[in-house]
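Colleague: I am new to this protein. Can you take me through the model by question and answer?

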Amino acid sequence: MKIQYFIVLLFFWWCNSGYGQQIQKQTTEGVLLVPDSLRSIIPIKKQGLLKDTDIIFHTRFGLDSYSNNAEHMLTNFKGSQLRIEFKGKIHEKIHFRFRERFTQEPIPGNLDNISTAVDIAFLKIDVTPRTHLTVGKLFADWGGYEFDFNPLDIMQYNDILQNSDAFLVGAGIGHTNANKQHYFSFQVLNSRTRTFEEIYGQYIPPGIQPVANPLAFVGNWRGSMFKGKWQTTYSYSFFNEASAAAKMHYFVLGNKLQWDKFLLYYDFHYSREGLDRKGIISRIIIPKYNYAATDVRYIENWIRGEYLVTPKLSFILTLMNSNHRWNDNPDPEGNQLLSRSFGYIPTIEYLPFKNLYLRFFACFVGRTFNYTSYAETTFGAKDYSTGQFSIGVVAPINVL
């Protein structure tokens, strides 16, 4: 219903501020031909604010065909991405940005009291021409290009981001250096959107207690070297997740290299978690130990190559892998490495219009999940693979 109200509001504004005003000029001896009831619901003196506002629909629709262990499961049309975004400025030095997902159930987070369907909702305040503050629900500035991409362009995230709370309430400060080649940011955020008990429930390990200040601290450096041919987005994050040693340290090294028509991205992710926040290891061991894992490691590589064949045609290949280790395994004969995952996403994109970033695409998302012989014997884990073939259209549609 919210989107319907917005469309009606936009329609009345268009009619009354544009076409309606033209009618009002059609007067006979000063008598208006349009009744007062049809005048714009947005005062004319405030309509100037809209020139600094963008309204964007982020959309991806297509036909998807799914398989599991090479067996066809389902083929159906799907709206995998539908987000509405408002952004602009309300003052010379104050900007705003809001983005909401219509493909996720709007459930308020028990910790931050904001719907999980809301990605971002923040104000950015320019303190100086090169320094700004941000306050609200932010995207954690984790670094890495996998997370930097618009979600429209990511067909499947690697394991860490797939299992993370990426949008968190808090505040941040950012600064660009004088030659605009380096940008530094620091954020203080909630470490999660839900309460400790809601996330871990009955599987809280013995001796682990929630902390009174569940905060995360995120530092990021974005650099541009060699005339922009090599760009970086590196970060370190500390999450105060629970008592004792149940903290999380997260490192990301994102690199972007550009040669003429070829772009190459490489991200390295390392997450050391005193208490298993991603849940991948916990889902393996819970049938035997009945508690969430402690002292786990997630190590990932993510590579994306893009080649522009013609101005309208691109070839894209994404490769990724993830290693899942349980360093706190109490079994003296047990392995620390329990599982690995691999992924590959070949994609073809076609852009038919010169001045509109609307793309037709065809891609295949292949994932393989392999468990070590120890995990198979001890926890009954079994290897499996998934596949998804998709064709469709993706576009950020700027309606205002």
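Colleague: How many residues does the hairpin between S4 and S5 pass through?
Modeller: This is a predicted model, in which local features need pLDDT of at least 70, side-chain atom pairs count only at pLDDT 80 or more, and totals for chains, interfaces and linings use all residues. Residues are numbered from 1 along each chain as its sequence is written, and side-chain values use heavy atoms, with hydrogens and water left out. Strands are DSSP runs of E, at least two residues long, and helices are runs of H or I, at least four, both numbered from the N terminus. S4 covers residues 118–128 and S5 covers residues 131–139; the hairpin joins them through two residues.

Colleague: In which sense do S4 and S5 pair, and which residue is the bridge partner of Leu-123?
Modeller: Two strands pair if DSSP finds at least two bridges between them. S4 and S5 have seven bridges, in the antiparallel sense. In S5, the partner of Leu-123 is Val-135.

Colleague: Which residue in S6 stands opposite Thr-134?
Modeller: S6 spans residues 167–176. Nine bridges join S5 to S6, and the two run antiparallel. Opposite Thr-134 stands Gly-172.

Colleague: What is the phi of Lys-180?
Modeller: Lys-180 sits in the loop between S6 and strand S7 (182–190). Its relative accessible area is 67%, so Lys-180 is exposed; exposed means over 50%, buried under 20%, and partly exposed in between (1.4 Å probe, protein chains only). Lys-180 is not a glycine, yet its phi is positive, at about 60 degrees.

Colleague: And where does Asn-113 lie?
Modeller: Asn-113 is another residue other than glycine with a positive phi, near 65 degrees. It is exposed, because its relative accessible area is 64%. Its place is the loop between strand S3 (94–101) and S4.

Colleague: Let us turn to the S10 and S11 hairpin. Which residue in its turn has a positive phi?
Modeller: Twelve bridges join S10 to S11, running antiparallel. Among the bridge partners are Asn-255 and, in S11, Tyr-266. Two residues lie between the strands, and the one in the turn with a positive phi, about 50 degrees, is Asp-260.

Colleague: Which residue in S12 stands opposite Ser-271?
Modeller: S12 covers residues 294–310. It is joined to S11 by 13 bridges, and the two run antiparallel. The residue opposite Ser-271 is Tyr-298.

Colleague: How far is Asp-267 from the nearest side chain of opposite charge?
Modeller: Asp-267 lies in strand S11 (residues 262–275). Asp and Glu count as negative, Lys and Arg as positive; His and the chain ends are not counted. A salt bridge needs a side-chain nitrogen of Lys or Arg within 4 Å of a carboxyl oxygen of Asp or Glu. Asp-267 is buried and has no salt bridge; the nearest side chain of opposite charge is Arg-222, at 9.6 Å.

Colleague: Which backbone nitrogen lies 2.8 Å from a polar atom of the Asp-267 side chain?
Modeller: Contact means heavy atoms within 4.5 Å. Leaving aside neighbours within four places in sequence, Asp-267 is in contact with residues including Gly-144, Tyr-145, Asn-255 and Trp-302. The backbone nitrogen at 2.8 Å belongs to Glu-146.

Colleague: Now the rings. Why is the pair of Tyr-236 and Phe-251 tilted?
Modeller: Rings of Phe, Tyr and Trp (its six-membered ring) pair if their centres lie within 6.5 Å; planes under 30 degrees apart count as stacked, over 60 as edge-to-face and the rest as tilted. By this rule there are 21 aromatic pairs. The Tyr-236 and Phe-251 centres are 4.9 Å apart, and the pair is tilted because its planes stand at 40 degrees.

Colleague: What angle lies between the planes of Phe-369 and Tyr-384?
Modeller: This pair is stacked, at 4.6 Å centre to centre. Phe-369 is buried, with a relative accessible area of 15%, whereas Tyr-384 is partly exposed at 31%. The angle between the planes is 15 degrees.

Colleague: Last, how many helices and strands does the protein have?
Modeller: The protein has 400 residues, and 42% of them are buried. Its secondary structure comes to seven helices and 16 strands.

Methods: Polar contact = N/O pair within 3.5 Å; in protein donor to acceptor, adjacent residues only side chain to side chain.
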